[in-house]
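This report covers the fold, the overall dimensions and the charged side-chain pairs of the structure shown below. Please keep the structure in view while reading.

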Amino acid sequence: MLVLTRKPGEQIMIGDGIVITVLEGRGDGVRIGIEAPRGVPIQRREVIEAIAAANLAAADAGPGTEDALRGLVPPPAAPAG
């Protein structure tokens, strides 16, 4: 891990297309701005971990879950004719 000290307004470059700018320091946190190519996903780690945990919980939901969920979706409409 590379550890850097930056002041507000200073930037860090990652490769050729990602620029991280320190916007301001706030007590126990820092506001940053991230510029990256459109195809580069940027997510907070805690969000990714929460999604992964929810997916695992759904996969372990047990038998009958699919039928219970199916009951929440209305049946398709009959074709007009």
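## Terms and model

A residue is called buried when its relative accessible area is under 20%, exposed when it is over 50%, and partly exposed in between. The structure is a predicted model.

## Overall fold

The protein contains two helices and three strands. Along the sequence these elements follow the pattern β-β-β-α-α. The radius of gyration is 22 Å, whereas the globule rule gives 12 Å for 81 residues, so the protein is more spread out than a compact globule. Its C-alpha trace spans about 65 × 35 × 25 Å along the principal axes.

Of the 81 residues, 5% count as buried. Among contacts with a separation of 6 or more, 2% are between residues 24 or more positions apart. The protein exposes about 7,300 Å², and carbon and sulfur atoms supply 59% of that area.

## The sheet

The three strands form an open sheet in the order β1-β2-β3, and the pairing is antiparallel. Strands β1 (11-14) and β3 (29-35) are the edge strands, each of them pairing on one side only. From one strand to the next, the twist averages 25°. In general, the strands of a sheet pair through backbone hydrogen bonds, in either a parallel or an antiparallel sense.

Strand β2 covers residues 18-26 and pairs with β3 over seven bridges, in the antiparallel sense. Within this part of the sheet, Val 19 stands opposite Glu 35 of β3.

Pro 37 lies in the loop between β3 and α1, the helix of residues 45-59. With a relative accessible area of 41%, Pro 37 is partly exposed, because the value falls between the 20% and 50% limits.

Which residues does Pro 37 contact, leaving aside its neighbours within four places in sequence? They are Gly 17 and Ile 18. Val 19 is 18 residues away from Pro 37 in sequence, and the two C-alpha atoms are 9.9 Å apart in space.

## Salt bridges

How many salt bridges does the model have? The count comes to five, the criterion being a side-chain nitrogen of Lys or Arg within 4 Å of a carboxyl oxygen of Asp or Glu. One of them joins Glu 10 to Arg 6, with the closest N and O atoms 3.5 Å apart. Both partners have intermediate accessibility: Glu 10 is partly exposed at a relative accessible area of 27%, and Arg 6 is partly exposed at 35%.

Glu 24 takes part in two of the listed pairs. The side chains of Glu 24 and Arg 26 meet in a salt bridge with an N to O distance of 3.8 Å. Glu 24 also meets Arg 31 in a salt bridge, here at 2.9 Å from N to O.

Terms used
Residues are numbered from 1 along each chain as its sequence is written. This is a predicted model: local features need pLDDT of at least 70, side-chain atom pairs count only at pLDDT 80 or more; totals for chains, interfaces and linings use all residues. Side-chain values use heavy atoms; hydrogens and water are left out. Buried means under 20% relative accessible area, exposed over 50%, partly exposed in between (1.4 Å probe, protein chains only). Two strands pair if DSSP finds at least two bridges between them. Helices (H or I, at least four residues) and strands (E, at least two) are DSSP runs, numbered from the N terminus. Axes are lines fitted to C-alpha atoms, for helices over the stretch in contact, and angles run from 0 to 180 degrees between N-to-C directions. The radius of gyration is taken over C-alpha atoms; the globule rule is 2.2 Å times the number of residues to the power 0.38. Contact means heavy atoms within 4.5 Å. Accessible areas come from the Shrake-Rupley method with a 1.4 Å probe; for residues, only the protein chains shown count as cover.
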